[in-house]
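Here are my notes on the model you sent over.

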Amino acid sequence: MTDHVKSAPSVSVQYAATGASKTSNELGMRAMQERAYQKRGEQYLLIKSPPASGKSRALMFIALDKLANQGLRQAIIVVPERSIGASFKDTPLSRYGFWADWTVAPQWNLCNAPGADDPKVAKGKVAAVRAFLKSSDRVLVCTHATFRFAVDEMGVEAFNDCLIAIDEFHHISANPDNKLGAHLRDFMARDRVHVVAMTGSYFRGDAVAVLMPEDEARFETVTYTYYEQLNGYDYLKSLDIGYYFYAGRYIDAIAEVLDPVRKTIVHIPNVNARESLGDKIREAEDIMQALGTWKGADPETGFQLVERPDGTVLRIADIVDDDGARRDRVIGSLKDPAHASDRDHVDIIIALGMAKEGFDWIWCEHALTVGYRSSLTEIVQIIGRATRDAPGKISAQFTNLIAEPDASEETVNEAVNDTLKAIAASLLMEQVLAPKFTFTAKAAGQREGFDYGEGGYQDGQTNVGFNEATGQFHMEINGLVPPKSAEAKRICEQDINEVLAAFVQDRQTVERGVFDEETPAEDLTQVKMGRIVAGKYPELSEEDREAVRQHAVAAITMTQQGKRNAPAHQPSDEPRANTAFINGVRQYVTDVKELEIDLIDRINPFQAARAILAKSMDEGTLKEVAAIIAKKRINLSHEEARMLAERAVRFKKEHGRLPSINSADAWERQMAEGVAFLQRKATANV
């Protein structure tokens, strides 16, 4: 890495490659599929599982049971784009032990039908849905768009007693303008269908909920974590996620992060992005030129042939090309099932809006993205392109190349925003990739299946247990508020990462946490996180909101502290390399002796990102950015002032006095400011 490209906060995770996630039971089901099938009787089922974990086949098992044993007449599989329809092609499940095969009559896989999914030309596809509903056939596959048009025309009642399976469920939103989301609410209100929803990423870049709380509460959730998936592979042992800043044109910097030896998907920036050079065709050509000498195109596949200085020839799929016929030939070559197992079929793919969601190239080792992607969902999907398991593939990498902020330019605020988003995505991906945490109050008792280290579970002590099979920590924390309501328990058990997604996407929170060393940690962990939880779950009681807040803060803190204390990378042939993070968490707990929620609240969850950024960004630029953020006036909201006042009441109980506005302690001053704010408001209203 030269001085022209500098690294920002990065994630590096080691896995054990146990093979567990790819081992099948007597019915031919892998671990995630078996877990989902156990819930097959639920009317509303939500499957949250990473790319390549087998969601499509899990749906086949569940749908066949619903059709044969649960009284449903037909199943409609709904996918976001036509290419993903291939995931639901005929599959001989009985060959692997199941009691039936999955078949879709050719005329009912509408993803293969000619014509775009546009209301002006999709009348034939809507007519096909109508004909299917009148037929005795059991399974239809169509796009989200076709399904929306069909429901618009026929109404939800036409689908009574059907299974509606929605793939890539994160496309739905509780936003009233989201048509598929509105249809889902109508289906649930009528309550005459079964729904299976599947997603590999439950985050939304626009921070709009996928489901309203009252609707989500009706879904039974099956969660299969990234840790379980990647730890159970046969070959892949490590995943690295890095963000890199560059100065000048990205074309001049890309050679420093693009290793031609590794199978790579390069996503060039959108034409409206800061990083774009304004000509996508030229940018793709310049990338190829940076790799070597162009030797023409393969007439059969359409791949570009580029010779490296050492004489090797790279086969590059350019799907940025505007020529429809050429691009279609290249895409067809990429999807050719005859070459799915051929590692040498293609070496590098250059794309813009394609090769993301549902794109299955198991040999991809490196996903290189130029320019920040504003949607966390998109980032997770892109990373998923590189996390497939394949023979000989022991490591995978995601690289995001971002233009370094230039404090002398008018666009500095936009550049700083991209930097903060990169940090947020890095923090969130660390959380997604880490083992799952379950927190309980101190002395809650040991849990079956957990290893509590040497000496086992110790009564009266702070215990930390790890279950290797499920990739889950059990941690006891003194002073932890337990969730009371069913909804609060569900959030703490299943949705903490969604809370953290909202937290790390809050620009003011990340600005203060990373760049302002005067910001008290408690302002982030108690006030800012408290505001996020209150806004996200207004229906919860005060006590349950505090429980969710504490669980969220504990989760991000444990991940950060585990990473800080983890030993350096172990050798790649080490069979238990995943223990580095586990040992890091245990080391932290050992160091602090007694794990308490008050202690956790006093740790800035962004401190590791701050330290890494200080090393990776130009010192002058970093100072300029910090100065820009420090100048911003922070106005307390009434909700934040109320939270500060509540903390001030607790402070008075512990210290016998109210916080002082003149205290040397920044957190005490902030509590005092919250009290003063409310007093001024009360006086003004008299």
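**Notes on the model**

1. Arg274 is partly exposed, with 24% relative accessible area; on the scale used here, buried means under 20%, exposed over 50% and partly exposed in between, with a 1.4 Å probe and protein chains only. Its salt-bridge partner is Glu275, with the closest N and O atoms 3.7 Å apart. Glu275 is buried, at a relative accessible area of 3%. A salt bridge here is a side-chain nitrogen of Lys or Arg within 4 Å of a carboxyl oxygen of Asp or Glu.

2. Before going further, some ground rules. This is a predicted model, where local features need pLDDT of at least 70 and side-chain atom pairs count only at pLDDT 80 or more, while totals for chains, interfaces and linings use all residues. Residues are numbered from 1 along each chain as its sequence is written, and side-chain values use heavy atoms, with hydrogens and water left out.

3. How many salt bridges does the rule give? The count comes to 37. One of them joins the side chains of Lys48 and Asp495, at 2.6 Å from N to O. Lys48 sits in strand β3 (residues 44–48) and Asp495 in the loop between α13 and α14, so this pair ties together parts that are 447 residues apart in sequence. Lys48 and Asp495 are both buried. For the element names, helices (H or I, at least four residues) and strands (E, at least two) are DSSP runs, numbered from the N terminus.

4. Arg531 and Glu640 are another pair to click on: their side chains meet in a salt bridge of 2.8 Å, N to O. Arg531 belongs to helix α16 (residues 521–536) and Glu640 to helix α22 (residues 638–655), so the bridge links parts that are 109 residues apart in sequence. Arg531 counts as partly exposed at 22% relative accessibility, whereas Glu640 counts as buried at 4%. Going back to Lys48, salt bridges with shared partners join Lys48, Glu487, Arg490, Asp495 and Glu498 into one network.

5. Helix α13 (residues 486–494) and α14 pack at about 80°, with their axes 5 Å apart. The axes are lines fitted to C-alpha atoms, for helices over the stretch in contact, and angles run from 0 to 180 degrees between N-to-C directions. That makes α13 roughly perpendicular to α14, where angles under 35 degrees count as roughly parallel, over 145 as roughly antiparallel, 65 to 115 as roughly perpendicular and the rest as oblique. Ile491, Cys492 and Gln494 in α13 meet Ile496, Glu498 and Val499 in α14; contact means heavy atoms within 4.5 Å.

6. What does α14 (residues 496–504) pack against at an axis distance of 10 Å? The answer is helix α17 (residues 542–565), again at an angle of about 80°. That makes α14 roughly perpendicular to α17. On the α14 side the contact uses Ile496, Val499, Leu500, Phe503 and Val504, and on the α17 side Val548, His551, Ala552, Ala555 and Ile556.

7. Helix α17 also lies across β17 and β19, running at about 125° to β17. These two strands belong to a three-stranded open sheet with mixed pairing, in the order β17-β19-β18; strands pair if DSSP finds at least two bridges between them. β17 and β18 stand at the edges with a single partner strand each, so one side of each has no neighbour in the sheet. β18 and β19 (residues 472–477) pair in the antiparallel sense over four bridges, and Val464 has Met475 in β19 as its bridge partner.

8. Have a look at Gly445, in the loop between β17 (436–441) and β18 (464–467). Gly445 is partly exposed, at 22% relative accessible area. Leaving aside neighbours within four places in sequence, Gly445 is in contact with Tyr452, Tyr457, His474 and Glu476.

9. Last, the other sheet: six strands form an open sheet with parallel pairing, in the order β5-β4-β6-β7-β3-β8. Its edge strands are β5 (139–143) and β8 (220–223), each pairing on one side only. Within this sheet, four bridges join β6 (residues 162–166) to β7 (residues 194–199), and Ala165 stands opposite Val196 in β7.
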